[in-house]
Amino acid sequence: MNLGIIAIALSLLSQTCLMVTADLRGPDVAAPATSKDDDEQSLSTASHEEVTTTKESETDDQTSTELPTNERKTAKYLADHMSAGTATHQAGASLQAELGSSGAKLLKDAIFEQLWNEKLIRQKLQDEIEAIEARREPQEIIDPTPEQIEAHSMYEKAMELLAKPNADKRIVYTLMSKAAEMKHNQARAELAWARVLGHNMDFDFAYAAKEFDALAEEGLPEANIGLAFLFSVGVGGKNVSQPMALIHLTLAALGDHTFAQMALGYRYSFGINVPASCEKSLSYYKKVAKKVASKITFSSGPVVHRVRLLDESENHGSQENEIVEYYQLLADKGDVQSQVGLGQLYYQGGKAIQQDHQKALEYFTLAANAGNAIGYAFLGKLYLEGSEHIKADNETAFKYFAKAANLGDPVGQSGVGLMYLNGLGVPKDAMKALNYFNMAADQGWVDGQLQLGKMYFTGNGVKTDYKLAFKYFNLASQSGHVLAYYNLGIMHAYGMGMLRSCPTAVEFFKNVAERGRWGINLMHAYNDYKNSHVDKAYMQYALLAELGYEVAQSNAAFLLDRGDVTIFHDRNEDLIRAFYYWKRAAAQGYSAAQVKLGDYYYYGWGTNVDFETAAALYRKASEQQYNAQAMFNLGYMHEKGLGMKKDWHLAKRLYDLAAETNADAKIPVAIALIKLQILTKIEAIKEVTSPYRFIFYLDESIEANWDLYLIAILTLLMGFLIYTRRVYERELEQLQNEVDNLVTNTAENRNEANVTTAANQNDNATATTENLINDNTTTTTTSTTADIPTTTTSNNSLLRQRHTTAAPAAAATASASTADPTE
């Protein structure tokens, strides 16, 4: 018994020593143990504070971060170890009850020694911190000069204009340049970024690198994130260095820079140049998601248009512009539904149309004047939210929402409920709000579902019910509402109403973070690409790729893969960069990127040839995303035995699956199956018992490349058929020309014959007149009448002969014309 107690005491002392050593080295201190009820209460309180996402919380966070770093570390260390001491006392008491009084004294001495050592260490650290604080010189508060005030005013004006979608960017960067000349650091950083991304300026990477270096020494987070980007891309005289990029990202994140926090959250989530850590990724993404959620008022958040250039290149003929023009035509003719559709397009913005709330207001007003409920509802949303050209007006918003709600529109019902819930222009009434939200949610409207979820989550007007809150948040997330993603991330991060899931929380927070206002740069990059500014598009895609946007990673790889980027002047370097971008996009589940990455491993572009990895990527894309191209490629590798065992039966099965998955694959699959059947027959002939097997051993090169020879023969045969067909068509054309010439000559001869006949008729008429005077009139008339059928017969035979031969027809025509002078 005594030996056991001694062993326990020694283990406690050893753990204490390890804990003290670890604390002195600076790793994270374990959180103090609390009871279950305290955990639930703290989780509930923390989640309620985060789900509100108000500006007051941001102010509190900023205030807390302004405390001196050493004081915060000291307070945390003391609080943690005081709670650890309490836990040790409790553990000692329970252990004493189990062991009895025999080892109580020894255990008490061990615990006392542990607490005494901790007290000495805490006192020593406290003394060192106080000494450091005493040596710190007090910083004098210097009032800004008039020049600095003017520079800051110009900078704020420029940033305000830059946030407007239709602002004149030349004015923006003129103001920014003047502020930078006055040594305004933020303005200098913005100009450096403009030089890097090509925003209304030419590229100047060397200038940007020089500015970033100078500003980083002054501790500006924007400069650190700029240097991190330059080290990651490898421009501006900075060689590609992921460790240096990681250092500057960490420094920028300590300065609360959003881009740095997103980049680190992405890197820790996927283990890019750092050990994968879900908890660290969650910490960074949660900070960014909180900023994004706090900026969303009553809408579902900004719409991020993710246009993948690879998919667009394979699917030509986008019809967005034609649809907008068709809506415009119908709307001008007074079609109410088209007016509503155009209003929604201008309200949200899109690939073919830029966001414009003023035009949205015009079209919704036209629809509302016709009594359309959706027009009323969206007018309410416009006046509730307000914008650059529309002043927020709660009374007007409530009027339009009420009209829409009376017509049974879910958007109007949700709007009325929202105004009752927050007391906007009307007295607060949670029960009325709940009623309206239920009516809107029953019709599947996303805002009604979200607001019901928030009411059940926070217990506002109803009893708190995390299961119902999760249900409504999940329904709202299916429509893409940003706040639904954020609240689901909170619930998964803290395990509220469900088991805690860090990966799921990271996924939700990442989705929220990518819906920030910086997502508009995706459309800016796409517009630059469509306007043939490929280098500008690439730099913007590269920046967003560092933040974890999968679509930006695949688009940057696409531009490098095609060789359109002219920044690096080295094709091999382009392929290496494209390989890493495809790799990052493939890791996020984009099937086309997985196929492209497999191609890079298959052909050895930007990496070494690796058939096994290529086959694994093809298999992953075919099984998870049902990609037809991946199925076809995998079938070919099974057919050839590349990176796996040769299996023609499995190859045929994969070919068939590719044809069933995508109709465009039917023709290549048919050719591949014919080839596979030929291979099967050839293998049968090569059997030992076959009398024709000697053919395949005449020349090993012919046997190894027989498929290439077969393709060449088929190509020559196809060319011969095309050539003979063209010769035949040429002969037909010549024959047709000859026939046309003959018909033309015949017509000319007939015209000449008609002229001759007319002259003969005049002579005959004179002779007939003389005969009538001198001879018998009846005889002459009978003779003339008897000649007419003969002429008619000759003309009928002429028509028949034209269809048989051309030369006899001309002769018959001439003879008929001369044989009948009375025609």
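**A disulfide, a helix pair and an enclosed helix**

Let me start with C278, which is partly exposed at a relative accessible area of 28%, where buried means under 20%, exposed over 50% and partly exposed in between, with a 1.4 Å probe and protein chains only. Please keep in mind that this is a predicted model, in which local features need pLDDT of at least 70 and side-chain atom pairs count only at pLDDT 80 or more, while totals for chains, interfaces and linings use all residues. Residues are numbered from 1 along each chain as its sequence is written, and side-chain values use heavy atoms, with hydrogens and water left out.

C278 is joined to C502 by a disulfide, with an S to S distance of 2.1 Å, a disulfide being a pair of cysteine sulfur atoms within 2.5 Å. The link of C278 and C502 is left-handed, with -115° about the S-S bond. Because C278 lies in helix α13 (residues 278-294) and C502 in helix α25 (residues 502-513), the pair ties together parts that are 224 residues apart in sequence; helices here are DSSP runs of H or I, at least four residues, numbered from the N terminus. C502, at 7% relative accessibility, counts as buried.

Turning to a helix pair, α30 (residues 591-603) and α31 (residues 611-624) pack at an angle of about 165° with their axes 8 Å apart, the axes being lines fitted to C-alpha atoms over the stretch in contact, and the angles running from 0 to 180 degrees between N-to-C directions. That makes α30 roughly antiparallel to α31, a term used for angles over 145 degrees, with under 35 counting as roughly parallel, 65 to 115 as roughly perpendicular and the rest as oblique. Residues of α30 including V595, L597 and Y601 meet residues of α31, among them F611, L617 and Y618, where contact means heavy atoms within 4.5 Å.

Next comes helix α26 (residues 521-530), which is largely enclosed by the rest of the structure, because 7 of its 10 residues are buried. Those buried residues are N521, L522, M523, A525, Y526, D528 and Y529, and what covers them includes α14 (309-314), α27 (534-546) and α28 (550-562). After α26 comes S532, with a positive phi near 70°.

Finally, what does Y436 contact, leaving aside its neighbours within four places in sequence? The partners of Y436 are A405, Q413, V416, G417 and Y420. Y436 itself is found in helix α21 (residues 430-442) and is partly exposed, with a relative accessible area of 24%.

Notes: Helices (H or I, at least four residues) and strands (E, at least two) are DSSP runs, numbered from the N terminus.
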